[in-house]
Amino acid sequence: MNSKSLKINTQGDLVYITFPRLEACGAVRHIFSTRLGGVSDGQYSTMNTSFSSGDEFTNVEENYRRLCGAVGIDVKNLVLSRQTHTNNVRIVAKSDCGTGYTRPSFQDVDGLITNESGVALVTQYADCTPLLFCDPVKHVCATSHAGWRGTVSGIGRVTVEKMINEFGCDPSNIIAAIGPCICQNCYEVDTPVLDAFAESGIDITGVFCEGRDENHFMLNLVEANKNILLSAGIKEENIDVSDICTCCNAGELHSHRATGGKRGNLAAIIELI
């Protein structure tokens, strides 16, 4: 696994990813996990971040301790939700810390926003697209989970609009990151998916090419989400864009497609300082 746009970090056995523009803004702690450096085994090995996948709770708990410890986040600050490929984005506060960890998750929420320090927002992945956001001027951060359904329903735009409407953010100040997900060469979809994008109003320039089979197409989730973020007013120079494919690197990153669903989850975690 290599990258020209993201930073791959090693701390003992733990390997994790960070985003240069988010690091440079100085307003957040953040981390994106790999499969490496945890304590889970079998199909979850070794770094699994899902409490609901069938893995042992104590393993996942220890995995979060290791991830959070690497970047100075307190695990008691974690906030997780049950993701169901919606474009539902929820504002959370310090009083929500522990949700999805020591108490039940929020249901049907695929994006989280906060303007309070010490609230560690968590979204999870295994081929879908991670989106992270920080407005260092208004002191707001967010993370959203964008599979093809979340992408076509514009969860990236919805997240930015909520940051604007609820906290007065100026999109030109927002730093964003598009994290590792399945690449276009690995992600073949059928005509209904193409039609859904065509009907959505999203700019699909560079998003589809011909598939290997008739009536199939190769979908570029990174490009689709980049187009959405640009249309929402985020500057291109403020976006870190992933060049890492989860499916191509299934030995180092959890991939639903590469493993036929027998896998754990990756996590994006972001917290205001």
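**View 1. Thr 46 sits in the loop between β3 (28-33) and α2 (57-71).** Helices (H or I, at least four residues) and strands (E, at least two) are DSSP runs, numbered from the N terminus. The bond to look for here is the cis peptide bond that joins Ser 45 and Thr 46, with omega about -20°. Most peptide bonds are trans, and most residues other than glycine have a negative phi. Before we go on, please note that this is a predicted model, in which local features need pLDDT of at least 70 and side-chain atom pairs count only at pLDDT 80 or more, while totals for chains, interfaces and linings use all residues. Residues are numbered from 1 along each chain as its sequence is written, and side-chain values use heavy atoms, with hydrogens and water left out.

**View 2. Here are two aspartates with a positive phi: Asp 108 and Asp 127.** Asp 108 belongs to the loop between β7 (106-107) and β8 (111-114), and its phi is about 55°. Asp 127, in the loop between β9 and β10, has a phi of about 135°. Are these residues buried or exposed? Asp 108 is partly exposed, at 39% relative accessibility, whereas Asp 127 is buried, at 7%. Buried means under 20% relative accessible area, exposed over 50%, and partly exposed in between (1.4 Å probe, protein chains only).

**View 3. Meet the largest nonpolar core, with 39 residues.** A nonpolar core is a set of buried Ala, Val, Leu, Ile, Met, Phe, Trp, Tyr and Cys residues joined through side-chain atoms within 4.5 Å. Those with the most contacts inside this core are Phe 133, Trp 148, Met 163, Phe 197, Phe 208, Leu 219 and Ile 234. Among the elements that give two or more residues to the core are β10 (129-135), α4 (155-167) and α5 (191-200). The largest share, 5 residues, comes from α4. Leaving out residues up to four places away in sequence, Met 163 touches Ile 113, Phe 133, Asp 135, Val 140, Ala 142, Gly 168, Cys 169 and Ile 174; contact means heavy atoms within 4.5 Å. A second, separate core of 28 residues includes Ala 27, Cys 128, Leu 132 and Leu 253.

**View 4. Now look into the largest pocket, with a volume of about 740 Å³.** On a 1 Å grid over the protein atoms alone, a pocket is an open set of points where a 1.4 Å probe fits, with protein on both sides within 12 Å along at least five of seven lines; lining residues have an atom within 4 Å of a point.

**View 5. Glu 223 is found in helix α6 (residues 221-231).** This residue is partly exposed, with a relative accessible area of 26%. Apart from neighbours within four places in sequence, Glu 223 is in contact with Thr 205, Gly 206 and Val 207. The C-alpha atoms of Glu 223 and Phe 133 are separated by 17 Å, and the two residues are 90 residues apart along the chain.

**View 6. To finish, the protein chain as a whole has 7 helices and 17 strands.** Its C-alpha trace spans about 50 × 45 × 35 Å along the principal axes. Of the 273 residues, 58% count as buried.

Key: Points joined across faces, edges and corners; volume = space filled by probe spheres on them.
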